[in-house]
Amino acid sequence: TEQMTPLATFLDNIDKAVDRLAQTGAQVFLANLPLPTALPFFKAKRARLANEGLTKNADLFFQTIEDGTQAANQRLAARAELYTNIHVIDVNSLVTQWLASGVKVGEETLYIEQYGGLVGLDGLHFTDTAYALLANIFLNRMSSVLGTEFPAIDIATVWANDRERREQLLKEGFDPSQCESYK
């Protein structure tokens, strides 16, 4: 944890960024942070650390990340409330919902799990489909605030062509069943 940016510095930088963005006078749309430790990459990292006998260190590390994420989201929300032109999209709650129940796309339900459709091969970053879902949330909020109508992204089309979809991976010669599981 000593290599992490100190929380006070991180929070101060949130204040500075929001203040500067607000001063532009533009309508600004920002996302809060999803809890990174809920993603497959971090779940696998926790398991690896436990296998190495480092459970106590892992617990401290993960708690520091979780506390920092919560503090950052609280600070962003509080700072944004000072301005009428700063709008925060609650990505944290959205991702928590996805973790609990997935997202229905056509006839399929996509999940935040390895090869589940919402998180990429690295277990950390979202797939094109998840980013398209997030983009639609932003577009909807922007339409509401700006009094206009931005067209939504067709999620089914993005999912059908998502390069990290199991069928696409197999088509490209990558067999996910040959990979180590994040679980």
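**Questions on the fold, contacts and cavity**

User: Where is leucine 33 found?

Analyst: Helices and strands here are DSSP runs numbered from the N terminus (helices H or I, at least four residues; strands E, at least two). Strand S1 covers 28-31 and helix H2 covers 40-51. Leucine 33 is found in the loop between strand S1 and helix H2.

User: What kind of model is this?

Analyst: Residues are numbered from 1 along each chain as its sequence is written, and side-chain values use heavy atoms, with hydrogens and water left out. Local features need pLDDT of at least 70, side-chain atom pairs count only at pLDDT 80 or more, and totals for chains, interfaces and linings use all residues; this is a predicted model.

User: Which pattern does the chain follow along the sequence?

Analyst: The chain has 7 helices and 4 strands. Its C-alpha atoms fill a box of roughly 50 × 45 × 25 Å along the principal axes. Read along the sequence, the pattern is α-β-α-α-β-α-β-β-α-α-α.

User: Is leucine 33 buried, partly exposed or exposed?

Analyst: Buried means under 20% relative accessible area, exposed means over 50%, and partly exposed lies in between (1.4 Å probe, protein chains only). Of the 183 residues of the chain, 38% count as buried. Leucine 33 has a relative accessible area of 35%, so it is partly exposed.

User: Which residues make the nonpolar surface patch of about 230 Å²?

Analyst: Patch residues have over 30% relative accessible area and no salt bridge; nonpolar side chains (Val, Leu, Ile, Met, Phe, Trp, Tyr) are joined within 5 Å, like charges within 9 Å. Areas come from the Shrake-Rupley method with a 1.4 Å probe, and for residues only the protein chains shown count as cover. The patch is made by Leu7, Phe10 and Leu33.

User: How many residues apart are aspartate 19 and arginine 79?

Analyst: Their side chains meet in a salt bridge, 2.6 Å from N to O (Lys or Arg side-chain nitrogen within 4 Å of an Asp or Glu carboxyl oxygen). Aspartate 19 sits in helix H1 (residues 7-23) and arginine 79 in helix H3 (residues 55-80), so the pair links distant parts of the chain, 60 residues apart.

User: What is the relative accessibility of arginine 165?

Analyst: Arginine 165 forms a salt bridge with glutamate 108 at 2.9 Å. Glutamate 108 lies in strand S4 (residues 108-110) and arginine 165 in the loop between helix H6 (155-160) and helix H7 (166-171), so the pair ties together parts 57 residues apart in sequence. Glutamate 167 also meets arginine 165 in a salt bridge, at 2.9 Å. Arginine 165 counts as buried, with a relative accessibility of 13%.

User: What is the volume of the largest cavity?

Analyst: A cavity is a set of points on a 1 Å grid over the protein atoms alone where a 1.4 Å probe fits but cannot get out; lining residues have an atom within 4 Å of a point. The lining includes Gln114, Tyr115 and Glu164. Grid points are joined across faces, edges and corners, and volume is the space filled by probe spheres set on the points. The largest cavity has a volume of about 30 Å³.

Definitions and conventions
On a 1 Å grid over the protein atoms alone, a cavity is a set of points where a 1.4 Å probe fits but cannot get out, and a pocket is an open set with protein on both sides within 12 Å along at least five of seven lines; lining residues have an atom within 4 Å of a point.
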